[in-house]
Amino acid sequence: MEKLSNPQVTIETIKKYNFAFQKRFGQNFLIDGHVIDKIVAAANITKEDTVLEIGPGIGTMTQYLAENAGKVYAVEIDKNLLPVLAETLAEFDNVTVINDDILKVDIKKLVGENTKVKVVANLPYYITTPIIMGLFENHIPAESITVMVQKEVALRMQATPGSKDYGALSLAVQYYANPYIVANVPANCFIPRPNVGSAVIRLSRWENPPVKVKDEALMFKLIRASFNQRRKTLQNGINNSQELSFTKEQVVEALNKMGLSESIRGEALTLEQFAMLSDILGA
């Protein structure tokens, strides 16, 4: 079968199966082989690897992954795509297609407890953050996550303190992984065209988080509280949070201990400082 990264082949396949794009699944199919080559190269896929692909669509990138990887698990939520995938992936015996919602799949059980996986995906933009955070927070055995996301989300993932893109997502991603933007991808590389710019980002998992913190959950509550109301000071943000019960006095005391101004905002703090704040308040 010809490669689906050829736009003509994609269009013919869609017509043949009378496939209708579903808004609710955020479907935008890649039609650019160069971009897929970049993704596969950035993820460094070899025959030793087990790959988890989220949202294979009609199998465009899956074909490339299957050629390069040892084993591919492709999780597709839209059952209308199953007959298409059965055809487009027919020549590969190392691909298993699972018709399910990735947020509900027990990934460890699927790939085997001890298998390290590389996650690769052209993610639906409306649900990018829950998917990525779900993979991290459930501590799935992923070496890396290489994904196509909305460009502004990629910028937020690798943003540093003080920049306008810096926020709770930056801190959460950087606690678990080292983000690297591989390429920007224009809208004409997809059918249908998305109305936002896209980017490929690789998140390489840390062996151990870059900061030590006694209570991970508390740290993330503090981070969320600090960015929920960006224009407020850190102490007000924490004070207004439904999730936390620290008094302003406790927060001010902690900031003093850290040598930070009482009027500091959350966006000025590094991951290390949030970990320190969490340890002081938690004690």
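Guide: A polar contact is a pair of N or O atoms within 3.5 Å. Keep that cut-off in mind for this predicted model.

Visitor: What makes aspartate 32 a cap for the N-terminal end of α2?

Guide: A side-chain oxygen of aspartate 32 lies 2.8 Å from the backbone nitrogen of histidine 34.

Visitor: What comes just after α2?

Guide: Asparagine 44, with a positive phi of about 55°.

Visitor: How do you know that β3 and β4 pair?

Guide: Pairing needs at least two bridges. Strand β3 (residues 71–76) and β4 have five, so they pair, in the parallel sense. One example is glutamate 76, whose bridge partner in β4 is asparagine 99.

Visitor: What is the strand order of the open sheet?

Guide: The seven strands run β4-β3-β2-β5-β6-β9-β7, with mixed pairing.

Visitor: Why are β4 and β7 called edge strands?

Guide: Each pairs on one side only. From one strand to the next, the twist averages 20°.

Visitor: Where do helices α2 and α8 lie?

Guide: Helix α2 packs on the sheet and touches β5, β6, β7 and β9. Its direction makes about 155° with that of β6. Helix α8 (residues 168–176) lies across β7 and β9, at about 115° to β7.

Methods. Residues numbered from 1 in each chain as written. Predicted model: local features only at pLDDT ≥ 70, side-chain atom pairs only at ≥ 80, totals over all residues. Heavy atoms only, no water. Polar contact = N/O pair within 3.5 Å; in protein donor to acceptor, adjacent residues only side chain to side chain. Helix = DSSP H or I, 4+ residues; strand = E, 2+ residues; numbered from the N terminus. Axes fitted to C-alpha atoms, helices over the stretch in contact; angles between N-to-C directions. Contact = heavy atoms within 4.5 Å.
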